[in-house]
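Please have the sequence and the model open.

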Amino acid sequence: MSRQVRILLLLLPSAILLGIFAFGLIQLIWASVVIDGSLDFSLYEAFWRRSDYIAMLVRTLAISALTTVCCLLVGFPTAYLIARTRMNRNLLLTLVIFPWLVSIVVRSYGWMVVLGPKGLVNWSLEAVGLIDAPVKLMYNTFGVVLGLSHVLCPFMIIAILSVLMQIPRSLEEAGSSLGSRPFYVFRNILVPLSMPGILTGVTLVYLMATGAIVTPLMLGGLGDSMLGTEIFQEVMHFFDYPKAAALATVLLFTALIVVLPLQWYERRISKRHAAGVSR
């Protein structure tokens, strides 16, 4: 068997999965524009005419962006600690991925217990006399962002960690030995070299946050509904598949407007690093 044939056989499973994904995507778009056998864009016209849907789309993108920022602020220091620690790195990595062993429903319900009016946080604040009445920590944007950050943060940590593990510690030590301050070393050495991992983590978290369903349903209020929950309701409650397909298509392309430039920038940085290494 020739080398080319072996390569094709190895790529065959991935090609099949990509083909299935492409077929499903074409069907999704087709269902939203072909109604009763004729081309019809009325669902998209109705979407852009409704101010509540536009506000829901903006809210979805804003919550996704805020969740991504929170995951990055938590994920980068955590990944750096794991990459540079002298402790058992496998144990720390296990603690990071441990939440994946519990379903999203259980994790979101756990936050309901913690953030509820009679939950652990409000009970503790009332016990020490800081508040007289429960603070609203859920059924709002704060609860949704906190729940999504808890669910999606491991993706950010692992994406950044995979790059930090390849950055030699000697580069940071060299910068420090030449008189650079820690912040300068962080800004000019560590962040640029870890940028491919950061962009990968940002892309993963942002895309998964835009399509989140369970956490916004359980921790969000009526005024904090996201487009993913609306798609879920159109399918499961109203059985309006063409409308759900139109909403999903709008969400897909608006998310790609943000993701595609990030992917282009990531490839550009990776090529630049590869060229620097080859020299």
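Let me start with helix α7 (residues 141–164) and helix α9 (residues 182–210), which pack at an angle of about 155 degrees, their axes 8 Å apart. That makes α7 roughly antiparallel to α9, a label for angles over 145 degrees. Axes here are lines fitted to C-alpha atoms, for helices over the stretch in contact, and angles run from 0 to 180 degrees between N-to-C directions. Helices are DSSP runs of H or I with at least four residues, numbered from the N terminus.

This is a predicted model: local features need pLDDT of at least 70, side-chain atom pairs count only at pLDDT 80 or more, and totals for chains, interfaces and linings use all residues. Residues are numbered from 1 along each chain as its sequence is written, and side-chain values use heavy atoms, with hydrogens and water left out.

Which residues of α7 meet α9? On the α7 side they are L152, F155, M156, A159, I160, V163 and L164; their partners in α9 include L190, L193, P196 and V205. Contact means heavy atoms within 4.5 Å. By class, this contact has 15 nonpolar, four polar and no charged residues.

Now the second pair. α3 and helix α11 (residues 227–236) pack at about 125 degrees, with axes 8 Å apart, and are therefore oblique to each other. Y53, M56, L57 and T60 of α3 touch L227, E230 and E234 of α11. Those residues divide into four nonpolar, one polar and two charged.

Last, confidence: mean pLDDT, on a scale from 0 to 100, is 85 for the chain.

Definitions and conventions. pLDDT is the predictor's confidence in each residue, from 0 to 100. Helices (H or I, at least four residues) and strands (E, at least two) are DSSP runs, numbered from the N terminus. Angles under 35 degrees count as roughly parallel, over 145 as roughly antiparallel, 65 to 115 as roughly perpendicular and the rest as oblique. Ala, Val, Leu, Ile, Met, Phe, Trp, Tyr, Cys and Pro count as nonpolar, Asp, Glu, Lys and Arg as charged, and the others, Gly among them, as polar.
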